[in-house]
Amino acid sequence: MTFDPIGPDWQRPAGYKKSAVVRRRRWPWIAGAGVATVLVIGLIAPDDTKQVTDRAAAVVAAPSGAATSSTTSSTPATTSSVEPSLAPLSSAAPVADSGAAQQALTLLATVAVKGRAPRTGYSRAQFGQAWSDDVTVDGGRNGCDTRNDILRRDLTGAVLKAGTRGCVVLSGTLADPYTGRDIAFTRGPGTSTAVQIDHVVALDDAWQKGAQQLSPDRRRDFANDPRNLQATDGPTNQRKGSGDAATWLPPNRAYRCTYVARQVEVKAAYSLWVTAAERDAITRVLRSCGATPPESDPTPSATRTQTPIPAVPRTTDAPPPPPPAPPDGGGVYYENCTAARAAGAAPIRVGEPGYRPKLDRNNDGVACE
């Protein structure tokens, strides 16, 4: 007896082919197998589509308080609710009036004044891995390195790489406070150095003025503290080197008060000191912005009494010889350049305290270079 899957009452019409029935019964199984194959291939194949989308998509980060927009590209840029943008870092308050300058000058009075300590033992490694996120200052441990944190803070129209939680900056424009110029930034081996991150208080300078006494963790915080970091023109940053306020100030005079005020804030926060020449230079800049140095205490007047003061008898001794004339540098005198450097005054330019032609060996107007 032949089993008929259709039923015993069904009669095959003339010309019926059994193979057609079998094919109709097999198609659901064939379709199901095809779907399963596609799913397996999708799981094991590389996610090329996501990689291409990540390269094409970008998120435009607007300045604080402004609306955000997307860049135009063949693949629309999107934001992800799973990967929120990083919190913005606070910017340094500009010294825009005499009140702010006076606050900075008052804080400067709390900073110790000493000579430079020996530079022995200094290296960049003393301040931890460059741009470490493992710090306790603003922006620390947010999953983004410090350099990109500062670029996001200081650049406008910043285009951020998709898939990085709004961390990696691909391009943007810097309104450079050091030069007063707008500088275009594009991430890449040949272009990234156009915008560099300056340590407002240079690491080398800090090492010679108290940072040697800080713990490694505290030095790492210092090197990544947004208060001490500023995106600026690369060549200008290179020219600054490790100079302090006595040897280097931003070319943009309008920013100098804010610049030295930031140095005072950072040095006070990390218990660093300034040299006498550095203190005087900062004071001059802040005074140009309206700050007034505190007046020195007047000498107490003599107490008046009714007892007459006896007359001092005159003597016929010759008067003492007059003091020797001060050197070319005014009342400040350094025996040699070693003494000038130890006092933190080098280099010394013509007209500055302590300058003498004897110290200016190449007669270019700058001594103890």
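Start by selecting Arg227: this side chain is partly exposed, at 34% relative accessible area (buried means under 20% relative accessible area, exposed over 50%, and partly exposed in between, using a 1.4 Å probe and protein chains only). Before moving on, a word on what you're looking at: this is a predicted model, where local features need pLDDT of at least 70 and side-chain atom pairs count only at pLDDT 80 or more, while totals for chains, interfaces and linings use all residues. Residues are numbered from 1 along each chain as its sequence is written, and side-chain values use heavy atoms, with hydrogens and water left out.

**Salt bridges**

Asp225 is buried, at a relative accessible area of 3%, whereas Arg227 is partly exposed. How many salt bridges does the structure hold? The count is 16.

Next, pick Asp217 and Arg220. Here too is a salt bridge, and its closest N and O atoms are 2.8 Å apart. Both residues sit in helix α6 (residues 216-224), 3 residues apart, or about one turn of the helix.

Now jump to Lys267 and Glu278, whose side chains meet in a salt bridge at 2.8 Å, N to O. This pair links distant parts of the chain: Lys267 belongs to helix α8 (residues 256-269) and Glu278 to helix α9 (residues 276-288), 11 residues apart. Both are buried.

**Helix α4 and Arg153**

Select residues 146-154, which is helix α4. The helix is mostly covered, with 9 of its 9 residues buried; among them are Thr146, Asp149, Ile150 and Leu151. Look at the start of α4, where a side-chain oxygen of Asp145 comes within 3.2 Å of the backbone nitrogen of Arg147.

Then zoom in on Arg153, which is in this helix and buried at 13% relative accessible area. What does the side chain of Arg153 join through a polar contact of 2.7 Å? The partner is the side chain of Asp154. (A polar contact is a pair of N or O atoms within 3.5 Å; within protein, one must be able to donate a hydrogen and the other to accept it, and residues adjacent in sequence count only if both atoms are side-chain atoms.) A polar atom of the Arg153 side chain also lies 3.1 Å from the backbone oxygen of Pro226. Show the contacts, meaning heavy atoms within 4.5 Å: leaving out residues up to four places away in sequence, Arg153 touches Leu89, Ser90, Ser91, Pro226, Leu229, Gln230 and Arg262.

**Cavity and pocket**

Switch to a surface view. On a 1 Å grid over the protein atoms alone, a cavity is a set of points where a 1.4 Å probe fits but cannot get out, a pocket is an open set with protein on both sides within 12 Å along at least five of seven lines, and lining residues have an atom within 4 Å of a point. Grid points are joined across faces, edges and corners, and a volume is the space filled by probe spheres set on the points.

By this rule there is 1 cavity of 30 Å³ or more. The largest cavity has a volume of about 50 Å³. Its lining has 13 residues, and Asp138, Gly139, Thr146, Asp149 and Asn224 lie nearest its centre.

For the last stop, find the second largest pocket, with about 460 Å³ of space. It is lined by 22 residues, and Ala246, Ala277, Arg284, Glu352 and Pro353 are the closest to its centre. Which helix gives the most to this lining? That is α9, with 6 residues.

Conventions: A salt bridge is a side-chain nitrogen of Lys or Arg within 4 Å of a carboxyl oxygen of Asp or Glu. Helices (H or I, at least four residues) and strands (E, at least two) are DSSP runs, numbered from the N terminus.
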